[in-house]
Amino acid sequence: MSKLELLRHPKQRKLLFSAGFSWLFDAMDVGIISFIVTALTVEWKLSPQQVGVLTSMNSVGMVIGAAAAGYMADRFGRKTILLWTLLIFSVASGLSALAASFAVLCLLRFITGIGLGGELPVASTLVSESMPARDRGRAVVLLESFWAGGWLVAALVSYFVIPKYGWQIAFVIGALPALYAIYLRKSIEDAPRFKEQQASVSKLSFGTKFKSIWAKEHSRSTLMLWILWFTVVFSYYGMFLWLPSVMVLKGFSLVKSFEYVLIMTIAQLPGYFTAAYFIEKFGRKFVMVTYLTLTALSALWFGYADTEGMLIAAGICLSFFNLGAWGGMYAYTPELYPTRVRSTGVGLATSVGRVGGVIAPLLVGVMVGKGISIDTIFGMFFVIVLIGAIGVLLLGKETKGKELAD
């Protein structure tokens, strides 16, 4: 079945687009903060360390949100928790527009992060469980492609709105997904395979589920996933949340920086679509190892780029391969666990990754504050991403075309 044939099935198409727009709103909020913080650095005179703290607060909340939502989605259902996470990050984002101090904004971004971190693993689990085996990987990568749409919206809002109307309006726009929850409530349902087991699954304690994902039959996969998620999230949030600021550090104006990041963001879409094609043709491991290796090389290239053309070309490649790898990772992760612990396993792997998302922006802030060069910083990301690729190569199992375990 082709990608277009997949979208001709009404229920599958409706689920994919319904969950996809919630994913888009998540990405929009994450993306907007990277642009807002660049404007706040000028308006509030933030230090590099403060920029690192602010951009990390989302990820601190995501650590908690991913782990908690994963467990609660196994207990109360994917749909219910998806709606709650959407409401949490939308309302907190809107309130961020009222923040009058750095401390208050950090607190609100932490609460926003709880919702953001919880929404992603629950949505990917829901879509993965609802699709037939031959289309599952492609469907989840297409779901992840909505992330690029969200970043594109964030870049457009930031380019056209922030310079003219101020950063507060960008946060107000980030509150709009709360209205979408009203539609989502009636448009999606939990997968039949989960409904059949929900009564027994909901009785399992968190401790029991934690032991299960580290039991002999799952421990190798869990170790691989935790390494993979940590390295990918560390590199992504370290590089992309700092990207507009890095462009300014390389000598571009604020508006020019936003313009170039917008160009780089567009490259995410073909990255997703090629990954969606290759993931069913060559398998999960091929996509993960190939795209992560090319992400690492692109990071090294970006760090050493010293001309405008080279910088844009390297940034395009970085977006293309990094976000393609993200799509593969979200498709791969739910397939490695049975239904009774799937959302918990995905949530915990995501939560470990979010720890990397906390550390990376802070570390980059410290490194920039100490005058460490951009090429050295991106050389660090080269090494980190390669570790993730090696982990998948050595520990990963191929799941292409296999039915999900019950």
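1. A pocket, as the word is used here, is an open set of grid points where a 1.4 Å probe fits, with protein on both sides within 12 Å along at least five of seven lines. In this predicted model, the second largest pocket has about 200 Å³ of volume.

2. Let's stay with that pocket for a moment. Its lining consists of 13 residues, and those nearest the centre are T41, W242, S245, V248 and L249. Two or more lining residues come from each of α2, α3 (48-76) and α13 (243-249). Nine of the lining residues are nonpolar and four are polar, with no charged ones in the second largest pocket.

3. Now for the largest pocket, which holds about 420 Å³ of space. It is lined by 20 residues, with K11, L15, S130, A191 and P192 closest to the centre. The lining here divides into nine charged, eight nonpolar and three polar residues.

4. Which helix supplies the largest share of the lining of the largest pocket? That is α2, with four residues. At least two residues each come from α2 (10-43), α5 (102-130), α6 (133-160), α9 (177-187) and α10 (192-201).

5. Stepping back to the whole chain, you will find 19 helices and zero strands. The radius of gyration is 20 Å, close to the 22 Å given by the globule rule for 406 residues, so the chain is as compact as a globular protein of that length. The C-alpha trace spans about 55 × 40 × 40 Å along its principal axes.

6. Among contacts with a separation of 6 or more, 86% are between residues 24 or more positions apart. The chain exposes about 14600 Å², 70% of it supplied by carbon and sulfur atoms.

Definitions and conventions:
Residues numbered from 1 in each chain as written. Predicted model: local features only at pLDDT ≥ 70, side-chain atom pairs only at ≥ 80, totals over all residues. Heavy atoms only, no water. 1 Å grid on protein atoms, 1.4 Å probe; cavity = no way out; pocket = protein on both sides within 12 Å on 5 of 7 lines; lining within 4 Å. Points joined across faces, edges and corners; volume = space filled by probe spheres on them. Nonpolar A, V, L, I, M, F, W, Y, C, P; charged D, E, K, R; others polar. Rg over C-alpha atoms; globule rule 2.2 N^0.38 Å. Contact = heavy atoms within 4.5 Å. Areas by Shrake-Rupley, 256 points an atom, 1.4 Å probe, with all protein chains shown as cover.
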